[in-house]
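The paragraphs below lead a new reader through one protein structure, from its overall division down to single residues. Please keep the sequence and the 3D view at hand while reading.

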Amino acid sequence: MNYSISRDLFEDLAGEIQELKKERKAVILAHYYQRPEVQDIADFVGDSLQLSQQAADTDAEVIVFCGVHFMAESAALLSPDKIVILPELNAGCPMADMVDVEGLRAYKKRVPGVQVVCYVNSSAEVKAESDICCTSSNAVKVVQSLASEDVLFIPDENLGRYAAKILGRSLQLWPGYCKTHDRLTNDDIEAVKKEHPLAKVIVHPECREEICQVADYIGSTAGLINYAKNSESQEFIVGTESGILHQLQKVCPEKKFYLASERLVCPNMKMTTLEKVRDGLKTLSPRVTVEEDIRVKAKATLERMLAL
């Protein structure tokens, strides 16, 4: 057990949460980067957009999203009839904050006709100002679907560069990045590789280009888990946020996983605790809502992606 709380406290809080969940007709979602104990009380654990889609398909009246702000907004986009709770309102995403709607509008004025591919890790306002959304698993396919010569990829330049390289085409890249993934260096990988020479290196495409070049596999969080599950290899060096180790060890208990760097911890993802989940269910707050005109436009960018 890698919980940051005792087993007794976990059982007490989990019991309270289960009771409140029934009472509120709620569904609890947790991203792979959440604390292990938060993942273990969730109904669904997964990638951000996948979780919002799963919640939309349930008859729950309340969605408790254990993640960061843009994820709860995505749930609100797809489930306008449900109450969406973000247990820790200050859990934001520094990369999502690196692009704002005013800056994006100014860019579009400077480059008339530019098509904007918006990574799902962005605000609803920014999605509403974009042409199409993408996730880390389908970024290549989404970019490939656009015929225009002028394509702007926002806000993650590492993911955009990765997609451009695979397709052999030029993209305009917004200067944004994930502070957690960007910390990882080749020296980190080499140090762990020395200790575990047979381990496969698996990384998220939000990592720097130099990291992707030395990886055996590059994929979304769900993609990394599937790769480890289906691979004949028994050892893996993992280049993404530390929270994924909990699911990797659950899915592949017989395999060994080594975090590529101890710095791969997102402070925002770790803000959510079981106490905050319980309190969110009790008070039905903090709530995350999206204005209807923005919701309709932002949802359209998601639907264009899903149509692919």
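The protein chain is divided into domain 1 (7-92 + 269-289), domain 2 (101-176 + 293-307) and domain 3 (180-267), with bounds that come from an automatic or database domain assignment. Residues are numbered from 1 along each chain as its sequence is written, and side-chain values use heavy atoms, with hydrogens and water left out. The model is predicted, and for that reason local features need pLDDT of at least 70 and side-chain atom pairs count only at pLDDT 80 or more, while totals for chains, interfaces and linings use all residues.

Taken as a whole, the protein chain holds 14 helices and 12 strands, where helices (H or I, at least four residues) and strands (E, at least two) are DSSP runs numbered from the N terminus. Its radius of gyration, taken over C-alpha atoms, is 19 Å, close to the 19 Å that the globule rule gives for 308 residues, so the chain is as compact as a globular protein of that length; the rule is 2.2 Å times the number of residues to the power 0.38. Along its principal axes, the C-alpha trace spans about 55 × 55 × 30 Å.

How do domain 2 and domain 3 meet? Their centres, taken over C-alpha atoms, are separated by 26 Å, and the contact (heavy atoms within 4.5 Å) takes 10 residues from domain 2 and 10 residues from domain 3. The area buried between these two domains is about 770 Å², of which carbon and sulfur atoms give 50%; buried area is the accessible area (1.4 Å probe) that two parts lose on being put together, summed over both. In domain 2, Ser136, Asn158 and Tyr162 lose the most area to domain 3, together 53% of what that side buries. Across this interface the rule finds zero salt bridges, a salt bridge being a side-chain nitrogen of Lys or Arg within 4 Å of a carboxyl oxygen of Asp or Glu. On the side of domain 2 that touches domain 3, helix H8 (residues 157-167) gives the largest share, five residues.

In the structure as a whole there are 14 salt bridges. One of them joins Glu16 and Arg278, whose closest N and O atoms are 3.5 Å apart. Glu16 lies in helix H1 (residues 7-24) and Arg278 in helix H13 (residues 274-283), so this pair ties together parts that are 262 residues apart in sequence.

Some details of the backbone also deserve a look. Most residues other than glycine have a negative phi, and most peptide bonds are trans. A cis peptide bond, however, joins Ile154 and Pro155, with omega about -20 degrees, and Pro155 lies in the loop between strand S7 (151-154) and H8. The peptide bond from Ser285 to Pro286 is cis as well, with omega near -5 degrees, and Pro286 is found in the loop between H13 and helix H14 (292-307). In that loop between H13 and H14 one also finds Leu284, which has a positive phi near 50 degrees although it is a residue other than glycine. Lys25, in the loop between H1 and strand S1 (26-31), has a positive phi of about 55 degrees and is not a glycine either.
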